[in-house]
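This report looks at a predicted model.

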Amino acid sequence: MKNLFDISGKVAVITGGSRGIGEMIAQGFVENGAKVYITARKTEACNATADRLSELGTCISLPYDLSTVEGVEGFAKEIAEREEKLDILVNNAGAAWGEPIDDYSEDGWDKVFNINLKGPFFLTQKLLPLLRKAATYEEPARIINTASINGIEPPILETYAYSSSKAGMIMLTRHLAGRLASENILVNAIAPGPFPSNMMAATLATMGDAIKADNPRKRIGEPEDIAGVAIFLASRASAYTTGACVPCDGGASQV
């Protein structure tokens, strides 16, 4: 029982790992002994985060644009050149777009869906050979998808593509879980509520106090909150859990 949450020695990939929730998960994994690859579109930010986390353990920056199949294929090829197997894939990279319904643009819609749903599916597809090599009956490989409470309950903001893509991520998680369980690959999702991140910065600046007041826990998320759920889903503790969507929101989606 004492090793239930041990992820030391595991090889993990975290997309969107340079900042926000991805960075929080990356730090949790690194500090708990995993070898972590982070990727993001912005090279400078990705390298800077990897440099910081490398002071705590092993973190490697491989910047790619995973909104395109070409970027996904390039990243997967580089991982395959570096690693014989992959224990954990965290599909976390995401984008949001808000516009009034009468003005909502096709470009915004496509950008969000390419990053939030298309990229994760095709990256999973391309990394399956490495995940299969890591997967055993006793120690399944893991895929952890970042959804959102906005994929469970519609948001107030006019972020139509974001909420729709995150609802899609929850269904994709369930679909993949059913398909891959027999191959000893477990697929689960986390549905975060508000956390301090670039994506949430403007909202928290204008509505932060109200968001905290409305939350049953009376606060927003902290790095330990999201890292703890991710470590659970990556470790022996969750070896009999697949197809789940775990809210990490202080109870906001339950009221």
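## The largest cavity

Thr15, Leu66, Asn91, Ala93, Ile115, Gly119, Pro120 and Leu123 form the lining of the largest cavity in this predicted model, and the space within that cavity amounts to about 40 Å³. When the whole structure is searched, one cavity of 30 Å³ or more is found.

Helix H4, which covers residues 106–134, contributes the most to this lining, with four residues. Sorted by class, the residues that line the largest cavity are five nonpolar and three polar, with no charged residues.

## The second largest pocket

The second largest pocket has a volume of about 250 Å³, and of the 17 residues that line this pocket, Lys10, Glu138, Glu139, Pro140 and Arg142 are the closest to its centre. Eight charged residues take part in the lining of the second largest pocket, together with six nonpolar and three polar ones.

## H4 and its helix partners

Two packed helices are described by the angle between their axes and the distance between the axes. For helix H3 (residues 69–82) and H4, the axes come within 9 Å and cross at roughly 25°; angles under 35 degrees count as roughly parallel, and H3 and H4 are therefore roughly parallel to each other. The crossing in which H3 passes H4 is right-handed. On the H3 side the contact is made by Val69, Val72, Glu73, Phe75, Ala76, Ile79 and Ala80, which meet Lys118, Gly119, Phe122, Leu123, Lys126, Leu127 and Leu130 in H4, and the residues of this contact of H3 with H4 comprise 10 nonpolar, one polar and three charged.

By class, the contact of H4 with H5 has 14 nonpolar, five polar and three charged residues.

## H1 against H7

The axes of helix H1 (residues 20–31) and helix H7 (residues 223–234) come within 8 Å of each other and cross at roughly 60°, and H1 and H7 are therefore oblique to each other. H1 passes H7 in a right-handed crossing.

In this contact Ile21, Met24, Ile25, Gly28 and Phe29 of H1 meet Pro223, Ile226, Ala227, Ala230, Ile231 and Ala234 of H7. The contact of H1 with H7 is made up of 10 nonpolar residues and one polar residue, with no charged residues.

## Positive phi in two loops

Which loop holds Asn184? Asn184 lies between H5 and strand E6 (185–192), and its phi is near 65°, a positive value in a residue other than glycine.

Lys218 is not a glycine either, although its phi is positive, at about 60°; Lys218 is found in the loop that lies between helix H6 (201–214) and H7.

Terms used:
Residues numbered from 1 in each chain as written. Predicted model: local features only at pLDDT ≥ 70, side-chain atom pairs only at ≥ 80, totals over all residues. Heavy atoms only, no water. Axes fitted to C-alpha atoms, helices over the stretch in contact; angles between N-to-C directions. Parallel < 35°, antiparallel > 145°, perpendicular 65-115°, else oblique. Left-handed = near helix turned anticlockwise from the far one by under 90°. Contact = heavy atoms within 4.5 Å. Nonpolar A, V, L, I, M, F, W, Y, C, P; charged D, E, K, R; others polar. 1 Å grid on protein atoms, 1.4 Å probe; cavity = no way out; pocket = protein on both sides within 12 Å on 5 of 7 lines; lining within 4 Å. Points joined across faces, edges and corners; volume = space filled by probe spheres on them.
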